[in-house]
Amino acid sequence: MYTESFKLKELPFRLSPDPQFLYLSRAHARAKAYMESTIWFTDGFVVITGEIGAGKTTLIESFLRQLDSDVVIAQINQTQVTAVEFLQSVLVQFGFSPFKMKKAELIATINGFLIEQYSAGRKVLLIIDEAQNLSLKVLEEIRLLSGIETTKEKVMRIILAGQPELNEKLDSPELIQLMQRVRLRFHLGTLSNDDMRSYIRHRLDVAGANGREIFAEDTFAEIARYAGGVPRLVNTLCDTAMMAAFNEDRDHVTRKDIAAAIGELQWVEFSARTGNAAAKRSAGPAPVGDRHARVLAKVVLSADGKTLAELHLVPGRKVIGRTPDNDLQIDSKFISRHHCQIITGSDGVSVLEDLNSTNGVVIRGQRVRRYTLRDGDVISLGQHEMLYVDESSAQHLVDTHDDLPRLDADAANEEADDDSLEDAARAR
């Protein structure tokens, strides 16, 4: 193969899901953070969707490799099954031989196993890939499994991953009860041009390029035109182009090699492919701070009395942490990689959740794990503070950033009263 010609240790663009080659784009990092949150919160499903070849399976494999030994995992990949076959598959993953059991016995065995694991201090995680193929009856069985609980909490964590059709299925009227239990839902879009360039270079470096520029700069735009930012298609095109360069005795890839690969693959431009749903959804999830979404609240970040940033809260979830993949990045050693998240409902209520951070989240002098925010709450994160401003009830605070870091609700009211007294004095 061409590895010797390019001075590589291994093939960089294999299609098999290898966590070693995982490139965490902003979207992939957020999806992984959402999966990680299932270990600490058991009150709902996490749903991750993405186009064919978007990297869902590789992301799952990377996530599973990093789990602690106290997590018991059932991973289901064959999803075109009946309800009974699904329950049997789950028990097989847990080490049982359930093929002669009737449905009632299957359910009883799963219940007993889950309670046993909980009593032993172990966490149970069920991950279902290709979940778009699950029938409505199987999805209802999954909902019932998610309801198994002790007096304190649910005992099974569940992640559903699949193609975009999964979202359509979950939104059907028959599954309204299941959808009420979905606490995190995220769609993996295609890679941006910058992310695609970084993705290609990352895979080459993992394979042994050590920073050498193997692809000419003018090749990336062509790759984007024909692969559309879909990782699997990028892999296919890059691998074929490297083979074309190898056949021409070159140790780097040119636009001529990309053209040769496109001809060999008989591809047309990504956006022109007939019936290509991925092209229509290529923008991926709505951008953070989408100006078209209704802003219900905001948090204002400050340190040492100086305002550093604002994060507008629209219906959905915002993640706060140290790394760039967060919606609000706080570059500090006291902040965890994914420190906390704020979930805002369409009713304007925002709930803050600690994502098992090292140094915690403090509000009103108390460390909190989950907290419903109120206008004027000051959230302490290490050496930083965030002021929560409810836009519907705190219009007087808009654009007064100089005072935001040290205001609480009572102080705001006191200052408003002082201003009223001064106005009254001037009038006299």
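Asp-304 lies in the loop between strand S6 (297-303) and strand S7 (306-313), where helices (H or I, at least four residues) and strands (E, at least two) are DSSP runs numbered from the N terminus. This is a predicted model, in which local features need pLDDT of at least 70 and side-chain atom pairs count only at pLDDT 80 or more, while totals for chains, interfaces and linings use all residues. Residues are numbered from 1 along each chain as its sequence is written, and side-chain values use heavy atoms, with hydrogens and water left out.

Most residues other than glycine have a negative phi. Asp-304, which is not a glycine, has a positive phi near 55°, and Asn-210, also not a glycine, has a positive phi of about 55°. Asn-210 is found in the loop between helix H8 (193-206) and helix H9 (219-227). The table gives the relative accessibility of these residues, with buried meaning under 20% relative accessible area, exposed over 50% and partly exposed in between (1.4 Å probe, protein chains only).

| Residue | Relative accessibility | Class |
|---|---|---|
| Asn-210 | 69% | exposed |
| Asp-304 | 77% | exposed |

The protein chain as a whole holds 13 helices and 16 strands, and buried residues make up 51% of its 428 residues. Among its contacts (heavy atoms within 4.5 Å) between residues at least 6 apart in sequence, 62% join residues at least 24 apart.

Helix H3 (residues 83-93) packs with helix H5 (residues 136-146) at an angle of about 45°, their axes being 9 Å apart; axes are lines fitted to C-alpha atoms, for helices over the stretch in contact, and angles run from 0 to 180 degrees between N-to-C directions. H3 is therefore oblique to H5, since angles under 35 degrees count as roughly parallel, over 145 as roughly antiparallel, 65 to 115 as roughly perpendicular and the rest as oblique. On the H3 side Ala-83, Phe-86 and Leu-87 take part in the contact, and they meet Val-138, Glu-141, Ile-142 and Leu-145 in H5. These contact residues divide into 6 nonpolar, no polar and 1 charged, where Ala, Val, Leu, Ile, Met, Phe, Trp, Tyr, Cys and Pro count as nonpolar, Asp, Glu, Lys and Arg as charged, and the others, Gly among them, as polar.

The buried residues of H3 are Ala-83, Phe-86, Leu-87, Gln-88, Val-90 and Leu-91, and they pack against strand S2 (71-76), helix H4 (103-119), strand S3 (123-128) and H5. After H3 comes Gly-95, whose phi is positive, near 95°.
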